Amino acid sequence: MSTVHVVDESFIVAAPAAIAAFLGDERCWSTWFPEIRLHCVEDRAGLGKRWAVTGAWQGSAEVWVEQFGDGAIVHVFLRAHDVHRRWWPRYARRLRRHMFTVKDELEGLREPGCGRVATCQRVVSLSPTAAVEREGEVAEQTSSRIVIAAPPDAVMAVIADFDAYPEWAKGVKQTEVLSDYDDGRAGEVRFVLDAAPIKDEYTLRYEWDGDKQVTWKLVEARMLRAMEGAYVLTSQGDQTDVRYELAVDLSIPMIGLLKRKAEKVVVDTALKGLKKRVESAG
C-alpha cells in the first residue's frame, strides 16, 4: 500500500474559462468516476479547482487550466493514499480516454491550422454552468428503424401497453400510468429507469395519432432536463416499418459525442426489444 499519482496534460484549443467551467463541475467527474466523491477545497474561478476525494479511494484531485496560445493546457492530477498501485493504470487509461473525448468534442468544428473562433459557440454550450444554455431545448435527434413482421395496430398495441414495459424494455424497472385519454390510451406515464448512463425517475406526456405515430415529451424528472421522442409506423403489407426518434438532455454535463452514442444504444435496444415482443406475441 502506498501513495500513487496520476497526471494528465492535454492541449485544447478552446476558451480557458469554458474549459475550466466544464471540468470544474463535480457532476462531470461523477459520470467518469462514479465510485468516488469530490469535495471542493479551492475554487480558482477560471483556472480550475482542487478537491478532497472520498469513496473508493481517499486523496485529492486537481484541475489547473493554463492559458497557452489560442487555447489552454489542461493539467489534471489525481492522488490517492494507501492503495494498491495495480489499480492505477486503469484510472490513468480512463482519464486519458475521457480527456481525448473532451478535446475532440470541443475542437470538432476547428479547421486544421485555424484558431478557436469556429468552436467558441460550441465550447460555451458544453459548459454545464453556461448562462447561454437554452432551458428545456433538446438537441438534434437520434433515429433508427426496424421492420416488424406484424401490422401497425399490433405494433402500436405493444407500444401502448406500458404496464408490460418492465418485461421487455431494457432498463425500465417500473411504470405507472398517471392519466388516460377517452380512448383508453395513456396520457402521462411515470417511469423508473436504470440504463447507464441514465438512472432516473421521470414522467412523459404522450400524444397519439391512431396507429400511425406516437410522440412524447418530458413533464418532470430528476436527472433528465429534456426528452422528446416518437415512434412512427408505416404499413408495408403484412409488415410494419418502425422509426424511433429520440433526443435527450441531461441535467449533468455530458460530452455531446457520448450523449449521442448513449441515445443510439437506447434507440437500437428499444427497437430490437419491441420487434421481439411483437413477433413473439404473434
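Which residue takes a positive phi in the hairpin of β7 and β8? That is Gly-184, with a phi near 95°, in a hairpin that has 5 residues between the strands. Here are some notes to go with the model.

1. **Ground rules.** This is a predicted model, in which local features need pLDDT of at least 70 and side-chain atom pairs count only at pLDDT 80 or more, while totals for chains, interfaces and linings use all residues. Residues are numbered from 1 along each chain as its sequence is written, and side-chain values use heavy atoms, with hydrogens and water left out.

2. **Overview.** The protein has 7 helices and 12 strands; these are DSSP runs numbered from the N terminus, helices being H or I of at least four residues and strands E of at least two. Of its 282 residues, 44% count as buried, meaning under 20% relative accessible area with a 1.4 Å probe and protein chains only (exposed is over 50%, partly exposed in between).

3. The largest nonpolar core has 36 residues, and Ile-159, Tyr-231 and Leu-274 have the most contacts inside it. Helix α7 (residues 256-281) gives the most to this core, with 5 residues. A second, separate core of 30 residues includes Ala-20, Phe-22, Trp-57 and Leu-95. A core here is a set of buried Ala, Val, Leu, Ile, Met, Phe, Trp, Tyr and Cys residues joined through side-chain atoms within 4.5 Å.

4. **Tyr-231.** Leaving aside residues up to four places away in sequence, Tyr-231 touches a list of residues including Ile-159, Trp-216, Tyr-244 and Leu-274. Contact means heavy atoms within 4.5 Å. Tyr-231 also belongs to one aromatic cluster, whose members include Phe-191, Tyr-202, Trp-216 and Tyr-244.

5. **Stacked rings.** A search of the whole structure finds 18 aromatic pairs. Rings of Phe, Tyr and Trp (its six-membered ring) pair if their centres lie within 6.5 Å; planes under 30 degrees apart count as stacked, over 60 as edge-to-face and the rest as tilted. Phe-33 and Tyr-91 are stacked, at 5.7 Å centre to centre with 20° between the planes. Phe-33 is in the loop between α2 (26-32) and β2 (36-43) and Tyr-91 in helix α3 (residues 88-106), 58 residues apart. Both Phe-33 and Tyr-91 are buried. Phe-191 and Tyr-202 are stacked too, at 5.4 Å and 20°. Phe-191 lies in strand β8 (residues 186-195) and Tyr-202 in strand β9 (residues 198-209), so the pair ties together parts 11 residues apart in sequence.

6. **Charges over rings.** The charged end of Arg-94 sits over the ring of Tyr-91, 5.3 Å from its centre, and Arg-96 lies over the face of Phe-100, at 4.2 Å from the ring centre. The test asks for NZ of Lys or CZ of Arg within 6 Å of the ring centre and within 35 degrees of the ring normal.

7. **Helix α5.** Pro-152, Val-155, Met-156, Val-158 and Ile-159 are the buried residues of α5 (residues 152-160). Seen down the axis of α5, they fall within an arc of 155°, so they line one face of the helix. The arc is that of the directions from the helix axis to the C-beta atoms.

8. Strands β7 (residues 172-180) and β8 run antiparallel and are joined by 7 bridges, with Asp-180 opposite Ala-186 in β8. Two strands pair if DSSP finds at least two bridges between them.
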